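Please open the structure in your viewer and keep the selection tool at hand. The tour goes from the whole chain to single side chains, one stop at a time.

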Amino acid sequence: MADNARGRVKVETGAKRVRLYLENRLVADTLRPLLVWEKPFYPTYYVPAKDVLAELKPTGETEHSPSRGDAQVHDVLAGGATAAGKARTVPESPLEELRDAVRFDFDAFDWFEEDEPIYTHPRDPYSRIDVLSSSRRFRAELDGVVLADSPNSMILFETGLPPRYYVPITALNQDVLRPSETVTHCPYKGAATYWSVQVGEQVHNDIIWGYRTPFPEVQKITGLAAVYNEKVDIYLDDVLQERPKSRY
């Protein structure tokens, strides 16, 4: 494992078989993927060049990173399908592990860990999620208006994030809910749909969400809803909780 102090980029070799496809054409298949923390919150995959099956065609473009060095941009050609500019190589990177590896843009391909698809970004092996039932009464308010009130909740504890309190949708104040078309994807939980909230004349966008069909690991939150702690007042057993600070 390497840790670049300047950019604080951590690199380590993963133990999962990783494959990626472009329009059903196999692009790469590796047993030794590199997990690279370009950002502190989650890793991305780099694939050893010897395990890349697609053709990489240089575009002549380069991109500079203070921590990873100058990247050469490539088109990816696989069986008649093309992903223009969706691969990077850094042959002179200060991080030795990356010099013979390829970074593929995650959103341009279909990715698999072993035989299961992954979404959004690779899972961080150092992140954990626990979902625990709680009998502490939960109430959420915004500008004095109750958004949710429930005698209990499911608390989802996720590494690096505030606890999230999931309650039945029937515990939400239906009078203030407004529909939202927003959908986000989490590699640990699945696809989330959202509600906005109207308090007085002001609409607060996408501050309540839920997972209708979450991944099996977090099935206890199926059909429940959570409110952004950072944006509302939350009471547990009538005690106001401090609003946390997070990247959201």
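What follows is a series of selections, each with a description of what is found there.

**Before selecting anything**

This is a predicted model, in which local features need pLDDT of at least 70 and side-chain atom pairs count only at pLDDT 80 or more, while totals for chains, interfaces and linings use all residues. Residues are numbered from 1 along each chain as its sequence is written, and side-chain values use heavy atoms, with hydrogens and water left out.

**The whole chain**

Begin with the protein chain in cartoon view, where there are 23 strands and zero helices; both are DSSP runs numbered from the N terminus, with helices being H or I over at least four residues and strands being E over at least two. The C-alpha trace spans about 60 × 40 × 35 Å along its principal axes. Of the 248 residues, 47% are buried, where buried means under 20% relative accessible area, exposed means over 50%, and partly exposed lies in between (1.4 Å probe, protein chains only).

Switch to a surface, and the chain exposes about 13300 Å², with carbon and sulfur atoms supplying 48% of it; such areas come from the Shrake-Rupley method with a 1.4 Å probe, and for residues only the protein chains shown count as cover. Contacts, defined as heavy atoms within 4.5 Å, can be sorted by separation along the chain: among those between residues at least 6 apart in sequence, 48% join residues at least 24 apart.

**Charged side chains**

Next, colour the side chains by charge, counting Lys and Arg as positive and Asp and Glu as negative, and leaving out His and the chain ends. There are 30 positive and 38 negative side chains, and the centres of the two sets lie 2 Å apart, when each charge is placed at NZ of Lys, CZ of Arg, CG of Asp or CD of Glu. A search of the whole structure finds 17 salt bridges, each being a side-chain nitrogen of Lys or Arg within 4 Å of a carboxyl oxygen of Asp or Glu.

Select Arg 88 and Glu 63, whose closest N and O atoms are 2.9 Å apart in a salt bridge. This pair links distant parts of the chain, with Arg 88 in strand β9 (residues 81–89) and Glu 63 in strand β7 (residues 55–65), 25 residues apart. Arg 88 is buried at a relative accessible area of 14%, whereas Glu 63 is partly exposed at 37%.

Move on to Arg 123 and Glu 113, which form a salt bridge with an N to O distance of 3.0 Å. Here Arg 123 is in the loop between β12 (116–118) and β13 (129–134), and Glu 113 is in strand β11 (residues 110–113), ten residues apart. Arg 123 is partly exposed at 23% relative accessible area, while Glu 113 is buried at 5%.

**A loop residue with positive phi**

Select Glu 23 in the loop between β3 (18–22) and β4 (25–30). Its phi is near 50 degrees, a positive value in a residue other than glycine. The side chain of Glu 23 also meets that of Arg 25 in a salt bridge (3.6 Å, N to O), and Arg 25 is partly exposed at 33% relative accessibility.

**Aromatic rings**

Show Phe, Tyr and Trp: rings (for Trp, the six-membered one) pair if their centres lie within 6.5 Å, and planes under 30 degrees apart count as stacked, over 60 as edge-to-face and the rest as tilted. The structure holds ten aromatic pairs. Phe 106 and Trp 111 form a stacked pair, 4.9 Å centre to centre with 5 degrees between the planes. Phe 106 is buried at 12% relative accessible area, and Trp 111 is buried at 2%.

Then select Tyr 194 and Trp 209, a tilted pair with centres 6.4 Å apart and 40 degrees between the planes. Tyr 194 belongs to strand β19 (residues 190–199) and Trp 209 to strand β20 (residues 202–210), 15 residues apart, and both residues are buried. Ring pairs link Tyr 166, Tyr 194, Trp 209 and Tyr 228 into a cluster.

**Last stop: Ala 226**

Finish at Ala 226 in strand β21 (residues 224–227), which is buried at 0% relative accessibility. Which residues does Ala 226 contact, leaving aside its neighbours within four places in sequence? They are Tyr 165, Tyr 166, Ile 207, Ile 208 and Trp 209.
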